[in-house]
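Okay everyone, thanks for coming. Let me put the structure up, and then I'll walk you through a few spots in it.

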Amino acid sequence: MAKILVTGGCGYIGSHTIVDLIENGFEVVCVDNNSRSNPIVMENIQQITGKTIKNYKVDLCNFDETFAIFQENPDIQGIIHFAAYKAVGESVEKPLMYFENNLYSLINLLKCVQEFSVPWFVFSSSCTVYGNPDEMMVTEETPLKPAASPYGYTKQMGEDILGEFRKVTNTQTILLRYFNPVGAHPSIKIGELPVGKPQNLVPAITQTAIGKLPMMKVFGDDYPTRDGSCLRDYIHVSDIAHAHTLAIQYLKEARNESSCEVFNLGTGNGVTVLEAIQAFEKISGVKLNYEIGPRRPGDVVAIYANNDKARQRLGWNPKTTIEEMMETAWKWELKLKEDASLHENPNFQMN
Ligand code: WQD
């Protein structure tokens, strides 16, 4: 059974990926310093899978502590690297904190990958690397534009670092560019735990609907889209998680054509903000209290994925509809209301 190290495994996509890896026969160890995640997630993963996962509470910016994890687990065959800060707005206010955290951690990790000759490395990238594309639908060959935030730059630089790293090692790498991950695991035992006031659309919708927020704003309805609001490719977090398992299997079976391959992880369907709200209202029966506000600086007007490459090469088949995504997101919000233990980690602090 191949052992996979998941960094940031207590986080939103990381936790869902650990569940999927276990369900597909992999052994998993986790490293997460819980600076922005709740350690209780490990218990919830255990409830879903029946497996107890070891989490090393280590900051990957600490090289010695990171190296010690590999000394203890020399049989790590693959790494899926999620651990990073990802709040776009915060990155604009604190660029150095983002470059330091997101890049130092990656470089420390890759030093260990090189020292221990780890065969497979999957990097958590993002559609944010496309910036504001000329065409709404992007393929992996779409030229990258300047990122809209320091966060986006850390993802572009992360991809560049890996592009050079793979030339000096035998490690096979994959870059997965997520579009907009939303929803919660069907068991409703794990889901998104926003840090502070939610920046992202779906938690803003569900927190408004449940009364945690008095009202939400639609950031602009005067864009050149079919209803004036921004268009995105919302993708269920479980579909994203399964793509990671498929990526590891792809490398394990040596089906990759080069030592650094990129895949878009989106549904291929564009949904506007107003359409997402309508889908939520339809499944929840809740009339959402929102108003149209000014545009949000840095927002991309419209982007959605051409996902043919992941379908054809990874055998990935995302099938969750926007209504189903909203359904699990809403059930998760209702669960959070009844179970305070799932709430934010009391040690949470936005640095
Ligand atoms: C979506 C749309 C907002 C909140 C995110 C992450 C980024 C990357 C991709 C991981 C936009 C609008 C939002 C609200 C709103 N993920 N909106 N009212 O900006 O596409 O990027 O996913 O790598 O890190 O930030 O997602 O959910 O913030 O916004 O109108 O209260 O919803 O303007 O048009 P975004 P988002």
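Let's start with K287 and E281, whose side chains meet in a salt bridge, 3.4 Å from N to O. This is a predicted model, by the way. So which of the two is buried, and which is exposed? K287 counts as exposed, because its relative accessibility is 67%. E281, at 19%, is buried, because the cut-off for that is under 20%. There's also a network here: K3, E27 and D75 are joined by salt bridges that share partners.

Over the whole structure, a search turns up 15 salt bridges. Another one is E261 with R313, where the closest N and O atoms are 3.9 Å apart. That pair links distant parts of the chain, since E261 sits in strand β12 and R313 in helix α10, 52 residues apart. E261 is buried at 6% relative accessibility, while R313 is partly exposed at 24%.

Now look at D299 and R232, which also form a salt bridge, at 3.6 Å from N to O. D299 is in the loop between β14 and β15 and R232 is in strand β10, so they tie together parts 67 residues apart in sequence. Both of them are buried.

And those two bring us to the ligand: D299 and R232 are among the closest of the 20 residues surrounding it. A polar side-chain atom of D299 lies 2.5 Å from a ligand oxygen. For R296 that distance is 2.8 Å, and for N200 it's 3.0 Å. The protein covers 90% of the 680 Å² of accessible area that the ligand has on its own. As for the shell, strand β9 gives the largest share, four residues.

Key: Residues numbered from 1 in each chain as written. Predicted model: local features only at pLDDT ≥ 70, side-chain atom pairs only at ≥ 80, totals over all residues. Heavy atoms only, no water. Near = heavy atom within 4 Å. Polar contact = N/O pair within 3.5 Å; in protein donor to acceptor, adjacent residues only side chain to side chain. Areas by Shrake-Rupley, 256 points an atom, 1.4 Å probe, with all protein chains shown as cover. Helix = DSSP H or I, 4+ residues; strand = E, 2+ residues; numbered from the N terminus. Salt bridge = Lys/Arg side-chain N within 4 Å of Asp/Glu carboxyl O. Buried < 20%, exposed > 50% of the residue type's maximum accessible area, 1.4 Å probe, protein only.
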